[in-house]
Amino acid sequence: MCPGVEADAPGACPKCGMALEKNPAFGGAEDDSELHDMTRRTLLGAGLALPVLVAAMGGMLAGAPAWLEDGVARWVQFVFCAPVVFWAGAPLLVRGGRSLRSGHLNMFTLIALGVGAAFAYSTAALLAPGLFPHALRHGGGVALYFESAAVIVVLVLLGQVLELRARHRTGGALRALFALAPTTARVVEGDEERTVPLGKIAVGTLLRVRPGERVPLDGVLTEGSSAVDESMLTGEPMPVEKSRGDAVTGGTLNGTGGFVMRAERVGSETVLARIVAMVAAAQRSRAPIQALADRVAGWFVPAVLAVAGLTFALWLWLGPEPRLAYAIANAVAVLIIACPCALGLATPMAVTVGVGRGAQAGVLVKSAEALERLEKVTVVVVDKTGTLTEGRPRLTQCAAAAGGTEDEVLALAAAVERGSEHPLAGAVLDATHERGLAPRPARDFRTTTGSGVQAEVGGRVVSVGTPAFLHAQGCADDAALSRAAEHLQKQGQSIVFVGLDGRTAGFLAVADPIKASTSEALRALRARGLKILMLTGDHALTAMAVAHTLGLNHAEASVAPADKQARVTQLRAAGEIVAMAGDGINDAPALAAADVGIAMGTGTDVAIESAGLTLLHGDLRGLVRAVALSHAVMRNIRQNLGFAFLYNALGIPIAAGLLYPWLGILLSPMLAGAAMCLSSVSVIANALRLRTVRLD
């Protein structure tokens with residue numbers, strides 16, 4: 001409930017009094033000692049509270065034993081109530097006392113004051129009845145409230161047990177992620193193999209994965225092949241074929257084949273560990289809507305104390321006899337029913353469950369703030385390469401200017417592109433390898449993000465990039481090459497021009513297929529009323545061809561990274577709430593500038609770090625799920641907050657006795673305790689509904 005509060009050992013939060021939870025990012029067994037302790041105190045407290053209740057109420061029953069109507073019953077109440085309050089209820093009193101000393105008033109402040117007032121008043125009435133006026137003595141003694149104190153303690157403890165159990169369930173998604181990683185791996189050392197704990201495996205170690213086993217760490221296949229179930233990352237049920245050189249992710253499930261892999265990432269660097277850390281951090285983050293609850297909580301407890309004091313004073317002044325008894329009972333009822341637990345739990349519980357549900361669906365939420373903003377988004381800005389398209393382009397054609405050869409153009413481009421991380425560079429290098437061309441060394445490598453790259457190859461200056469980039473390097477146009485390139489661009493292919501010593505030497509045509517799921521995802525986003533804008537650094541003809549295929553009415557081409565950021569800023573200045581989806585380094589500035597940055601999990605680390613959400617599968621259907629999740633979580637939070645406010649708005653006046661002058665209705669402290677317990681459980685139960693919410 002209070003993000004940022006940390007300790008190196010189990011204990012209670014100094015602000016809200018709730019038990020601190022073990023940070024799931026550190027792994028290990030969950031600490032459920034408080035649940036066991038609270039359960040034991042609840043059961044024994046209930047057993048001790050029963051005689052108190054019988055002794056207090058038994059005299060009202062026909063045929064009740066005589067001792068229930070004399071002084072023995074009063075002492076029975078005291079003897080059995082004391083251990084309920086001071087042993088079973090000790091954690092509640094300790095936290096209440098700590099809140100008074102620190103000045104952080106919370107629900108335990110009200111509980112401790114209410115129970116303490118009821119027990120102290122009853123003890124004084126039992127031991128020194130002469131101190132009380134004659135009007136308070138009925139049947140020979142002053143009215144006692146031992147049963148109220150005992151039952152309230154038991155009810156509050158029961159509420160704590162239910163909350164602890166529910167909080168355990170909210171972390172189910174995170175524990176399920178932890179469980180995906182095996183604890184050991186089979187290390188291959190020459191002709192021998194041995195089982196080693198996962199924590200002792202270093203980068204570069206060879207590991208054998210047998211059929212049906214989970215992949216222990218992130219790595220690359222060096223021997224064998226198999227089909228690997230990656231549904232824990234992508235949500236897709238179909239296994240993915242893996243062979244030598246392919247990457248595998250720790251926690252994914254191997255199929256019927258066996259293989260040897262080389263560990264590339266270990267410990268906290270694995271994809272699974274980073275997912276767990278991100279989910280854990282998001283579950284502890286605070287949504288902006290929580291600020292409303294925080295402002296209310298800031299004055300809520302002092303206001304309740306003032307209302308309880310006013311209730312006591314008014315009943316003592318205007319109430320019927322016995323006035324003091326009525327005044328104490330109603331003041332205690334106000335203190336108990338007004339516990340702000342439901343208000344404090346409303347947002348954190350929904351965020352915790354919602355973030356866990358998102359992780360199960362392949363949507364990693366970095367912060368609750370991103371989830372809240374996503375609900376309000378009006379415009380989704382998308383990059384083309386790797387977002388709408390597969391991001392695995394293939395070289396389709398190579399053209400050379402008069403006097404040159406295709407192989408020469410390709411070899412020069414490959415020499416320069418070896419230093420680039422752009423997806424098109426991979427296509428060029430793959431084509432070079434397929435044609436058996438030897439890579440040439442390059443030096444003085446320089447890059448202009450989103451435009452092109454330049455290097456010196458064999459003493460000659462080679463430039464690779466957009467026409468504008470080549471113009472900036474002083475390369476003259478070639479009319480024949482330009483006409484051929486334009487024809488291919490109209491078909492949706494991307495063109496990279498190659499310049500050599502101030503002239504255009506040729507171009508490379510690269511095709512990047514549109515993802516099969518993109519059209520479906522865009523239709524779903526438009527059905528939610530979202531506007532889609534494609535911003536790409538690609539040529540206008542290529543961009544328009546893709547936009548036409550996908551039915552996009554808004555697309556802008558030849559947009560540099562800085563211009564993407566400026567366009568996002570411009571949209572926000574016009575009043576739009578902008579979500580930006582991208583996967584490359586060139587998208588990072590725009591991702592950071594957007595209201596919500598959404599990174600494709602198949603993209604670069606820079607893009608993922610700049611974004612508020614990550615779609616593990618790199619599929620825009622994940623964005624549809626993320627939008628659905630944001631709406632479900634925010635709707636759940638509003639329901640919780642609405643219920644908590646309504647509960648207190650109605651409960652406090654009734655507990656204070658507002659209905660008594662007209663209807664003769666009073667709320668006993670015991671019923672107030674039951675209502676308080678029910679309010680917290682209701683909020684938790686509502687939040688847990690998010691575990692099964694449909695996101696497709």
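**Close-up views of a predicted model**

**View 1. Strand 22 and strand 23 are parallel partners in this predicted model.** Four bridges connect strand 22 (residues 578-582) with strand 23 (residues 596-600). Within this pair, Ala 579 is placed opposite Val 596 of strand 23. Both strands belong to an open sheet of seven strands, whose order is 12-24-23-22-13-20-21 and whose pairing is mixed. Strand 12 (363-365) and strand 21 (555-556) are the edge strands of this sheet, and each of them pairs on one side only. Helix 12 (residues 368-375) lies across strand 12, strand 22, strand 23 and strand 24 (613-615). The angle between helix 12 and strand 23 is about 105 degrees.

View 2. Strand 3 (residues 184-189) is joined to strand 5 by two bridges, and the two run antiparallel. Here Val 187 has Leu 207 of strand 5 as its bridge partner.

**View 3. Strand 11 pairs with strand 5 and with strand 6.** Strand 11 (residues 259-265) runs antiparallel to strand 5 (residues 206-209), with four bridges between them. In that pairing, Val 209 stands opposite Phe 259 in strand 11. Strand 6 (residues 218-224) is also antiparallel to strand 11, and six bridges link these two. Asp 218 is found opposite Arg 265 of strand 11.

**View 4. Strand 16 is mostly covered and takes part in a hairpin.** Of the six residues in strand 16 (residues 452-457), five are buried. Strand 15 (residues 443-448) runs antiparallel to strand 16 and is joined to it by four bridges. Arg 443 has Glu 456 in strand 16 as its bridge partner. Strand 16 also pairs with strand 17 (residues 460-465), again in the antiparallel sense, over six bridges. In this pairing Ala 455 is opposite Val 462 in strand 17. Two residues lie between strand 16 and strand 17 in the hairpin. Gly 458, in the turn, has a positive phi of about 60 degrees.

**View 5. Leu 20 lies in the segment before helix 1 (33-57).** Is Leu 20 buried, partly exposed or exposed? Its relative accessible area is 28%, so Leu 20 counts as partly exposed. Apart from neighbours within four places in sequence, Leu 20 contacts Val 5, Ala 7, Gly 11, Ala 12 and Cys 13. One of these, Ala 7, is 13 residues away along the chain, and its C-alpha atom is 8.1 Å from that of Leu 20.

**View 6. Four residues make a nonpolar surface patch.** Leu 310, Leu 314, Trp 317 and Leu 318 form this patch, which covers about 460 Å². Leu 310 is part of helix 9 (residues 290-318).

**View 7. The whole chain sets the close-ups in context.** The chain has 696 residues, and 50% of them are buried. Its secondary structure consists of 24 helices and 24 strands. Among contacts with a separation of 6 or more, 69% are between residues 24 or more positions apart.

Technical notes. Residues are numbered from 1 along each chain as its sequence is written. This is a predicted model: local features need pLDDT of at least 70, side-chain atom pairs count only at pLDDT 80 or more; totals for chains, interfaces and linings use all residues. Side-chain values use heavy atoms; hydrogens and water are left out. Patches are made of residues with over 30% relative accessible area and no salt bridge: like charges are joined within 9 Å, nonpolar side chains (Val, Leu, Ile, Met, Phe, Trp, Tyr) within 5 Å. Accessible areas come from the Shrake-Rupley method with a 1.4 Å probe; for residues, only the protein chains shown count as cover. A salt bridge is a side-chain nitrogen of Lys or Arg within 4 Å of a carboxyl oxygen of Asp or Glu. Two strands pair if DSSP finds at least two bridges between them. Contact means heavy atoms within 4.5 Å. Axes are lines fitted to C-alpha atoms, for helices over the stretch in contact, and angles run from 0 to 180 degrees between N-to-C directions. Buried means under 20% relative accessible area, exposed over 50%, partly exposed in between (1.4 Å probe, protein chains only).
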